[in-house]
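Open the model in your viewer and keep the selection panel at hand. The tour goes stop by stop.

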Amino acid sequence: MAKPDKEAAVAEIAESFRSSSATVVTQYTGLSVSQLSQLRRALGTSAKYRVAKNTLVKRAATDAGIEGLEDLFVGPTAIAFVEGEAVDAAKALRDFAKDNNALVIKGGFMDGKTLSVDEINTIADLDSREVLLAKAAGAFKAKLSQAAALFQAPASQVARLAAALEDKQRNAGTEAAEAPAES
(Lines give C-alpha, C1' and ligand atoms only; values in the text may rest on other atoms or scores of the structure.)
Protein backbone atom coordinates (compact mmCIF):
# COMPACT_ATOMS: atom_id res chain seq x y z
CA MET A 1 0.00 0.00 0.00
CA ALA A 2 1.45 3.36 -0.99
CA LYS A 3 2.07 5.94 1.69
CA PRO A 4 -0.79 8.30 0.61
CA ASP A 5 -3.18 5.33 0.63
CA LYS A 6 -2.05 4.37 4.12
CA GLU A 7 -2.45 7.93 5.35
CA ALA A 8 -5.95 8.09 3.89
CA ALA A 9 -6.84 4.74 5.49
CA VAL A 10 -5.49 5.88 8.87
CA ALA A 11 -7.46 9.14 8.62
CA GLU A 12 -10.64 7.24 7.71
CA ILE A 13 -10.23 4.75 10.58
CA ALA A 14 -9.41 7.57 13.03
CA GLU A 15 -12.59 9.38 11.96
CA SER A 16 -14.54 6.16 12.49
CA PHE A 17 -13.11 5.93 16.02
CA ARG A 18 -14.08 9.55 16.73
CA SER A 19 -17.61 9.33 15.34
CA SER A 20 -18.48 5.97 16.93
CA SER A 21 -20.36 5.65 20.19
CA ALA A 22 -18.46 2.40 20.81
CA THR A 23 -16.05 0.03 19.10
CA VAL A 24 -15.72 -3.73 19.39
CA VAL A 25 -12.49 -5.43 18.34
CA THR A 26 -12.81 -8.95 16.98
CA GLN A 27 -10.69 -11.68 15.46
CA TYR A 28 -12.26 -13.19 12.37
CA THR A 29 -9.85 -16.01 11.45
CA GLY A 30 -11.70 -18.77 9.66
CA LEU A 31 -14.77 -16.79 8.63
CA SER A 32 -15.65 -16.97 4.96
CA VAL A 33 -16.59 -13.96 2.89
CA SER A 34 -20.23 -15.03 2.99
CA GLN A 35 -20.09 -15.32 6.80
CA LEU A 36 -18.57 -11.82 7.04
CA SER A 37 -21.38 -10.55 4.82
CA GLN A 38 -23.88 -12.31 7.06
CA LEU A 39 -22.30 -10.62 10.11
CA ARG A 40 -22.49 -7.23 8.44
CA ARG A 41 -26.19 -7.83 7.71
CA ALA A 42 -26.75 -8.88 11.34
CA LEU A 43 -25.17 -5.64 12.50
CA GLY A 44 -27.46 -3.69 10.18
CA THR A 45 -27.21 0.06 10.36
CA SER A 46 -26.12 0.07 14.00
CA ALA A 47 -22.45 -0.61 13.17
CA LYS A 48 -19.88 -0.76 10.39
CA TYR A 49 -17.66 -3.84 10.45
CA ARG A 50 -14.22 -3.19 9.00
CA VAL A 51 -11.24 -5.47 8.48
CA ALA A 52 -8.00 -3.51 8.78
CA LYS A 53 -4.25 -3.90 9.20
CA ASN A 54 -3.13 -3.75 12.82
CA THR A 55 -0.43 -1.14 12.18
CA LEU A 56 -2.94 1.19 10.53
CA VAL A 57 -5.53 0.64 13.27
CA LYS A 58 -2.96 1.30 16.02
CA ARG A 59 -1.92 4.55 14.36
CA ALA A 60 -5.55 5.58 13.79
CA ALA A 61 -6.47 4.82 17.43
CA THR A 62 -3.57 6.96 18.61
CA ASP A 63 -4.63 9.78 16.26
CA ALA A 64 -8.20 9.56 17.59
CA GLY A 65 -7.01 9.63 21.22
CA ILE A 66 -8.07 6.06 21.95
CA GLU A 67 -5.80 4.36 24.46
CA GLY A 68 -5.75 0.87 25.91
CA LEU A 69 -6.62 -1.13 22.81
CA GLU A 70 -3.07 -1.74 21.55
CA ASP A 71 -2.94 -5.25 23.07
CA LEU A 72 -6.07 -6.24 21.11
CA PHE A 73 -4.54 -5.49 17.72
CA VAL A 74 -2.79 -8.84 17.29
CA GLY A 75 -3.62 -11.32 14.57
CA PRO A 76 -6.37 -10.82 11.99
CA THR A 77 -8.37 -7.90 13.34
CA ALA A 78 -11.73 -6.47 12.42
CA ILE A 79 -13.50 -3.67 14.23
CA ALA A 80 -17.19 -2.96 14.60
CA PHE A 81 -17.60 0.81 14.72
CA VAL A 82 -20.93 1.26 16.51
CA GLU A 83 -22.91 4.23 15.25
CA GLY A 84 -26.25 3.44 16.85
CA GLU A 85 -27.05 1.68 20.07
CA ALA A 86 -24.13 -0.25 21.55
CA VAL A 87 -26.61 -2.80 22.91
CA ASP A 88 -27.86 -3.78 19.45
CA ALA A 89 -24.36 -4.18 18.01
CA ALA A 90 -23.10 -6.09 21.06
CA LYS A 91 -26.06 -8.48 20.82
CA ALA A 92 -25.49 -9.04 17.11
CA LEU A 93 -21.78 -9.75 17.62
CA ARG A 94 -22.35 -12.00 20.63
CA ASP A 95 -25.08 -14.00 18.90
CA PHE A 96 -23.02 -14.36 15.73
CA ALA A 97 -19.98 -15.48 17.77
CA LYS A 98 -22.15 -18.14 19.47
CA ASP A 99 -23.16 -19.55 16.10
CA ASN A 100 -19.72 -19.13 14.49
CA ASN A 101 -16.79 -20.11 16.70
CA ALA A 102 -14.40 -18.47 14.24
CA LEU A 103 -15.46 -15.00 15.42
CA VAL A 104 -13.75 -14.07 18.67
CA ILE A 105 -14.63 -10.87 20.52
CA LYS A 106 -11.41 -9.46 21.98
CA GLY A 107 -12.63 -6.28 23.68
CA GLY A 108 -13.79 -2.80 22.92
CA PHE A 109 -13.96 0.86 23.77
CA MET A 110 -16.88 3.01 24.91
CA ASP A 111 -17.29 6.30 26.75
CA GLY A 112 -13.56 6.84 27.14
CA LYS A 113 -12.76 3.45 28.62
CA THR A 114 -11.73 0.06 27.37
CA LEU A 115 -14.19 -2.81 27.62
CA SER A 116 -13.43 -6.42 28.40
CA VAL A 117 -15.24 -9.31 26.73
CA ASP A 118 -17.36 -9.75 29.87
CA GLU A 119 -18.38 -6.10 29.80
CA ILE A 120 -19.38 -6.39 26.15
CA ASN A 121 -21.47 -9.46 26.98
CA THR A 122 -23.08 -7.53 29.85
CA ILE A 123 -23.97 -4.74 27.42
CA ALA A 124 -25.42 -7.36 25.06
CA ASP A 125 -27.63 -8.66 27.87
CA LEU A 126 -29.24 -5.25 28.37
CA ASP A 127 -32.61 -4.43 26.85
CA SER A 128 -32.51 -2.25 23.77
CA ARG A 129 -33.39 1.43 23.95
CA GLU A 130 -36.81 0.81 22.40
CA VAL A 131 -37.66 -1.89 24.94
CA LEU A 132 -36.56 0.32 27.84
CA LEU A 133 -38.63 3.22 26.49
CA ALA A 134 -41.66 0.94 26.13
CA LYS A 135 -41.23 -0.29 29.71
CA ALA A 136 -40.92 3.29 30.97
CA ALA A 137 -44.03 4.33 29.02
CA GLY A 138 -45.95 1.37 30.48
CA ALA A 139 -44.85 2.28 33.99
CA PHE A 140 -45.88 5.93 33.48
CA LYS A 141 -49.26 4.86 32.09
CA ALA A 142 -49.85 2.57 35.07
CA LYS A 143 -48.99 5.38 37.50
CA LEU A 144 -51.28 7.80 35.65
CA SER A 145 -54.11 5.25 35.79
CA GLN A 146 -53.54 4.82 39.51
CA ALA A 147 -53.56 8.59 40.00
CA ALA A 148 -56.79 8.95 38.00
CA ALA A 149 -58.45 6.24 40.09
CA LEU A 150 -57.20 7.91 43.26
CA PHE A 151 -58.59 11.29 42.20
CA GLN A 152 -61.88 9.73 41.12
CA ALA A 153 -62.34 7.74 44.34
CA PRO A 154 -63.43 10.66 46.62
CA ALA A 155 -66.03 11.85 44.11
CA SER A 156 -67.33 8.32 43.75
CA GLN A 157 -67.47 7.89 47.53
CA VAL A 158 -69.38 11.19 47.92
CA ALA A 159 -71.87 10.08 45.26
CA ARG A 160 -72.40 6.72 47.02
CA LEU A 161 -72.77 8.49 50.38
CA ALA A 162 -75.35 10.91 48.93
CA ALA A 163 -77.28 7.99 47.41
CA ALA A 164 -77.21 6.14 50.75
CA LEU A 165 -78.45 9.23 52.62
CA GLU A 166 -81.22 9.72 50.10
CA ASP A 167 -82.27 6.06 50.47
CA LYS A 168 -82.18 6.41 54.24
CA GLN A 169 -84.34 9.54 54.17
CA ARG A 170 -86.76 7.94 51.74
CA ASN A 171 -87.00 4.83 53.93
CA ALA A 172 -87.48 6.98 57.04
CA GLY A 173 -90.28 8.91 55.32
CA THR A 174 -91.93 5.69 54.16
CA GLU A 175 -91.71 4.15 57.62
CA ALA A 176 -93.19 7.29 59.19
CA ALA A 177 -96.12 7.24 56.77
CA GLU A 178 -96.75 3.55 57.40
CA ALA A 179 -96.58 3.78 61.18
CA PRO A 180 -99.98 4.04 62.92
CA ALA A 181 -100.67 7.39 64.36
CA GLU A 182 -100.65 7.29 68.14
CA SER A 183 -103.19 9.37 70.02
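Start by selecting Leu31. Leu31 counts as buried at 11% relative accessibility (buried means under 20% relative accessible area, exposed over 50%, partly exposed in between, with a 1.4 Å probe and protein chains only). This is a predicted model, where local features need pLDDT of at least 70, side-chain atom pairs count only at pLDDT 80 or more, and totals for chains, interfaces and linings use all residues. Residues are numbered from 1 along each chain as its sequence is written, and side-chain values use heavy atoms, with hydrogens and water left out.

**Around Leu31**

Leu31 sits in the loop between strand 1 (22-27) and helix 2 (33-43). Helices (H or I, at least four residues) and strands (E, at least two) are DSSP runs, numbered from the N terminus. Now show the neighbours. Leaving out residues up to four places away in sequence, Leu31 touches Leu36, Phe96, Asn100, Ala102 and Leu103 (contact means heavy atoms within 4.5 Å).

**Helix 2 against helix 4**

Next, select helix 2 and helix 4. They pack at an angle of about 150°, and their axes are 9 Å apart. Axes are lines fitted to C-alpha atoms, for helices over the stretch in contact, and angles run from 0 to 180 degrees between N-to-C directions. Helix 2 is therefore roughly antiparallel to helix 4 (under 35 degrees counts as roughly parallel, over 145 as roughly antiparallel, 65 to 115 as roughly perpendicular and the rest as oblique). The crossing of helix 2 and helix 4 is right-handed. A crossing is right-handed if the near helix is turned clockwise from the far one by less than a right angle, and left-handed if anticlockwise.

Which residues of helix 2 meet helix 4? Gln35, Gln38, Leu39, Ala42 and Leu43 do, facing Ala89, Ala92, Leu93 and Phe96 in helix 4. By class, this contact has seven nonpolar, two polar and no charged residues (Ala, Val, Leu, Ile, Met, Phe, Trp, Tyr, Cys and Pro count as nonpolar, Asp, Glu, Lys and Arg as charged, and the others, Gly among them, as polar).

**Helix 4 against helix 5**

Helix 4 passes helix 5 in a left-handed crossing. Colour the contact: Ala86, Val87, Ala90, Lys91 and Arg94 come from helix 4, and Ile120, Asn121, Ile123, Ala124 and Asp125 from helix 5. These residues divide into six nonpolar, one polar and three charged.

**The aromatic pair**

Select Phe17 and Phe81. Their rings are edge-to-face, 5.2 Å centre to centre, with 85° between the planes. Rings of Phe, Tyr and Trp (its six-membered ring) pair if their centres lie within 6.5 Å; planes under 30 degrees apart count as stacked, over 60 as edge-to-face and the rest as tilted. Phe17 is in helix 1 (residues 3-19) and Phe81 in strand 3 (residues 77-82), 64 residues apart. Phe17 is buried at 4% relative accessibility. Phe81 is buried too, with a relative accessible area of 4%.

**Last stop: Asp111**

Go to the loop between strand 4 (104-110) and strand 5 (113-115), where Asp111 is found. Asp111 has a positive phi of about 50°, although it is not a glycine. Is Asp111 buried or exposed? Asp111 is exposed, with a relative accessible area of 70%.
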